Amino acid sequence: MILMEKFASRYCECNPNNGLFASADTAYVLAFSIIMLTTDLHSPQVKNKMTKEQYIKLNRGNTDSKDVPEEYLSQIYDEIAGHEIKMKNTVSKPGKQQFNNEKKKKNTI
């Protein structure tokens, strides 16, 4: 959570005139909702997927003064629904192989 708070704070610091977020708290809540939406839409364990209308409703009232524009939330939903966020494999095959070899050595000792 601290990482998300720092991200939101830094984002607002670097983009003071974006007009979307009344505070870092708003950016934090929206970033967190994007993570939750990604999980909801792309996890095979989630049977009842969130609709766009539900996502927009979930994000209403998250600002100090005004809601994040519905069009913006709609674009976020469409982007997440159409493109699953995936982490790139950061462990190279030789590194992964070395890890597995070390694990086998420990198990045989």
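Trainee: Which residues does Phe21 touch, not counting residues up to four places away in sequence?

Mentor: Phe21 touches Tyr11, Cys12, Thr26, Ala27 and Leu30. Contact means heavy atoms within 4.5 Å. This is a predicted model, in which local features need pLDDT of at least 70 and side-chain atom pairs count only at pLDDT 80 or more, while totals for chains, interfaces and linings use all residues. Residues are numbered from 1 along each chain as its sequence is written, and side-chain values use heavy atoms, with hydrogens and water left out.

Trainee: Which residues have the most contacts inside the largest nonpolar core?

Mentor: They are Phe21, Leu30, Leu37, Tyr55 and Leu73, in a core of 16 residues. The elements giving two or more residues to this core are α1, α2, α3 and α4. A nonpolar core is a set of buried Ala, Val, Leu, Ile, Met, Phe, Trp, Tyr and Cys residues joined through side-chain atoms within 4.5 Å. Buried means under 20% relative accessible area, exposed means over 50%, and partly exposed is in between (1.4 Å probe, protein chains only). In soluble globular proteins, nonpolar side chains tend to be buried together.

Trainee: What span is expected for helix α2, and what span does the helix reach?

Mentor: Helix α2 covers residues 24-42 and has 19 residues. Helices (H or I, at least four residues) are DSSP runs, numbered from the N terminus. The expected span is 1.5 Å times one less than the number of residues.

Trainee: Which residues of α2 are buried, and what do they pack against?

Mentor: The buried residues are Thr26, Ala27, Leu30, Ala31, Ser33, Leu37, Thr38, Asp40 and Leu41. They pack against α1, α3 and α4.

Trainee: Why is the pair of Arg10 and Glu13 called a salt bridge?

Mentor: A salt bridge is a side-chain nitrogen of Lys or Arg within 4 Å of a carboxyl oxygen of Asp or Glu. The closest N and O atoms of Arg10 and Glu13 are 2.9 Å apart, so the pair qualifies. Both residues lie in helix α1 (residues 2-14), 3 residues apart, about one turn of the helix. Glu13 has 53% relative accessibility and therefore counts as exposed. By this rule the count comes to 3 salt bridges.

Trainee: Where do the partners Asp78 and Lys52 lie?

Mentor: Their side chains meet in a salt bridge at 2.8 Å, N to O. Asp78 is in helix α4 (residues 70-82) and Lys52 in helix α3 (residues 52-58), so this pair links distant parts of the chain, 26 residues apart. Asp78, at 40% relative accessible area, is partly exposed, and Lys52, at 24%, is partly exposed too.

Trainee: What makes Glu70 and Arg60 a salt bridge?

Mentor: Their N to O distance is 3.6 Å, which falls within the limit, so the pair counts. Glu70 lies in helix α4 and Arg60 in the loop between α3 and α4, so the pair ties together parts 10 residues apart in sequence. Glu70 is partly exposed at 43%, and Arg60 is partly exposed at 45%.

Trainee: Why is the pair of Phe7 and Tyr11 called tilted?

Mentor: Rings of Phe, Tyr and Trp (its six-membered ring) pair if their centres lie within 6.5 Å; planes under 30 degrees apart count as stacked, over 60 as edge-to-face and the rest as tilted. The structure holds 3 aromatic pairs. Phe7 and Tyr11 are 6.2 Å apart, centre to centre, with 35° between the planes, so the pair is tilted. Both lie in helix α1, 4 residues apart. Phe7 is partly exposed at 46%, as is Tyr11 at 28%.

Trainee: What makes the pair of Tyr28 and Phe32 stacked?

Mentor: The ring centres of Tyr28 and Phe32 are 6.3 Å apart and the planes are at 20°, so the pair is stacked. Both residues lie in helix α2, 4 residues apart, about one turn of the helix. Phe32 is partly exposed, with a relative accessible area of 28%.
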